[in-house]
Amino acid sequence: MLRCYRVYFIFNLDSRWDESDCFFKENLHRAGQKWLLKVFLICLWPVIIIATFRIAIPGAYEYLPPSYYEGQTSVSSVSEGIYLFIMFLEELGFILAVYMLRKVHDDFKMTRELTIVCFLWVITGIFSIFTETWIWRVEVVIRNHVIMCVSSIFPLFKTMQSESFDEIITMEMLQSLELVLQSSITLEAFEKALNNIRGIKYADGNEFLQLWLKCEYFRHSKIEELEKDIIDTAKTLGCHGKHPNTIQPEVFQMLNNKFFPMFRKSSEYEALLREITKQQIYMHRIMQTSLIGDSEIHISNVI
């Protein structure tokens with residue numbers, strides 16, 4: 001649960017993501033391992049105190065019975081009720097964590113890990129209805145080993161693999177049409193913006209873009225049918241070039257002069273700016289936090 005909180009604290013961006021990030025800076029210590037360890041000990045001390053009393057004080061087990069207490073029926077019912085109630089609270093905590101991390105995409109698949117653990121916790125509660133206590137105990141052992149594989153062995157194995165990064169866009173990329181056409185993310189946004197542009201005297205911008213893409217593909221394929229298609233399309237759009245090598249620069253100039261300025265005023269362009277800002281905040285937050293200690297910087301498996 002503490003790991004979930006740390007991931008949410010680093011990657012969560014509220015509605016004021018484009019303003020100063022004062023809240024995160026003021027509470028930066030909450031992402032450190034030392035602070036999480038303190039919180040863990042605070043949550044653990046009641047269990048330690050109860051266990052100490054039960055061991056040190058004779059007869060305390062009658063008031064603090066273990067789960068599946070094999071003694072008085074009333075005491076057994078109370079202990080089982082306490083056990084199921086605490087497990088229910090744990091399940092609610094896991095469900096809440098899955099909900100809070102539903103939009104966080106990290107390489108370690110924290111949301112999937114949470115879902116598996118939550119499912120195993122629910123199954124544990126179901127097994128508690130069996131009268132034979134050994135069934136429940138075996139199930140708990142199996143559950144703990146599965147959780148160890150999911151929460152420890154899999155992340156450890158993941159760190160041994162080569163890191164893979166999703167395509168990252170920068171502010172500089174949006175200042176040049178040539179760079180926009182080189183990225184799949186920005187190219188998709190540019191194409192979507194061209195499809196949404198209406199009421200223009202010039203030909204459909206998406207037709208020019210598709211023609212440019214055909215010319216780009218022809219540079220590597222040299223397909224005769226494609227060359228003929230490019231020349232015919234160029235004539236339809238009023239281009240003067242007679243070969244794909246001369247048509248492509250002409251089409252690029254049309255896109256750059258007529259449609260790229262419109263793209264920079266579109267909602268798709270604004271969405272890219274927001275995404276770039278979010279990526280910058282993510283990177284800044286990760287560089288300010290540490291997986292080992294509060295003073296060290298470790299960056300691994302970023303979005």
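Predicted model: local features only at pLDDT ≥ 70, side-chain atom pairs only at ≥ 80, totals over all residues.

**Exercise 1. Sum up the whole chain.**

Task: how many helices and strands does the chain have, and what share of its residues is buried?

Solution. Step 1: count twelve helices and zero strands. Step 2: of the 303 residues, 34% are buried. Step 3: the accessible surface is about 19300 Å², and carbon and sulfur atoms own 62% of that. Those areas come from the Shrake-Rupley method with a 1.4 Å probe; for residues, only the protein chains shown count as cover. Step 4: take the contacts (heavy atoms within 4.5 Å). Among those with a separation of 6 or more, 61% join residues 24 or more positions apart.

**Exercise 2. Describe how α9 and α11 pack.**

Task: at what angle do helix α9 and helix α11 cross, and within what distance do their axes come?

Solution. Step 1: two packed helices are described by the angle between their axes and the distance between the axes. Step 2: for α9 (residues 205-221) and α11 (residues 244-263), the axes come within 9 Å and cross at roughly 145°. Here axes are lines fitted to C-alpha atoms, for helices over the stretch in contact, and angles run from 0 to 180 degrees between N-to-C directions. Step 3: the α9 and α11 crossing is left-handed. The contact residues include F208, W212 and F218 from α9, and I247, F252 and F259 from α11.

**Exercise 3. Track down the salt bridges.**

Task: how many salt bridges are there in the structure, and which parts does the K214 and D229 pair tie together?

Solution. Step 1: side chains of opposite charge can pair when their charged atoms come close. The criterion is a side-chain nitrogen of Lys or Arg within 4 Å of a carboxyl oxygen of Asp or Glu. Step 2: the structure holds four of these. Step 3: one of them joins K214 to D229 at 2.9 Å, N to O. K214 belongs to helix α9 and D229 to helix α10 (residues 224-236), so the pair ties together parts 15 residues apart in sequence. Both ends are partly exposed, K214 at 28% and D229 at 31%. Step 4: E216 and R219 make another bridge at 3.0 Å, N to O. Both lie in helix α9, three residues apart, about one turn of the helix. Step 5: D232 and K228 meet at 3.2 Å, N to O, and both lie in helix α10, four residues apart. In this pair, D232 is partly exposed at 35%, whereas K228 is exposed at 55%.

**Exercise 4. Examine L101.**

Task: which residues does L101 touch, leaving out those up to four places away in sequence?

Solution. Step 1: find L101 in the loop between α4 and α5 (110-127). Step 2: its relative accessibility is 1%, so L101 counts as buried. Step 3: L101 touches C4, V7, Y8, M110, T111 and L114. Step 4: Y5 is 96 residues away along the chain, with its C-alpha atom 9.1 Å from that of L101.

Methods: Residues numbered from 1 in each chain as written. Heavy atoms only, no water. Helix = DSSP H or I, 4+ residues; strand = E, 2+ residues; numbered from the N terminus. Left-handed = near helix turned anticlockwise from the far one by under 90°. Buried < 20%, exposed > 50% of the residue type's maximum accessible area, 1.4 Å probe, protein only.
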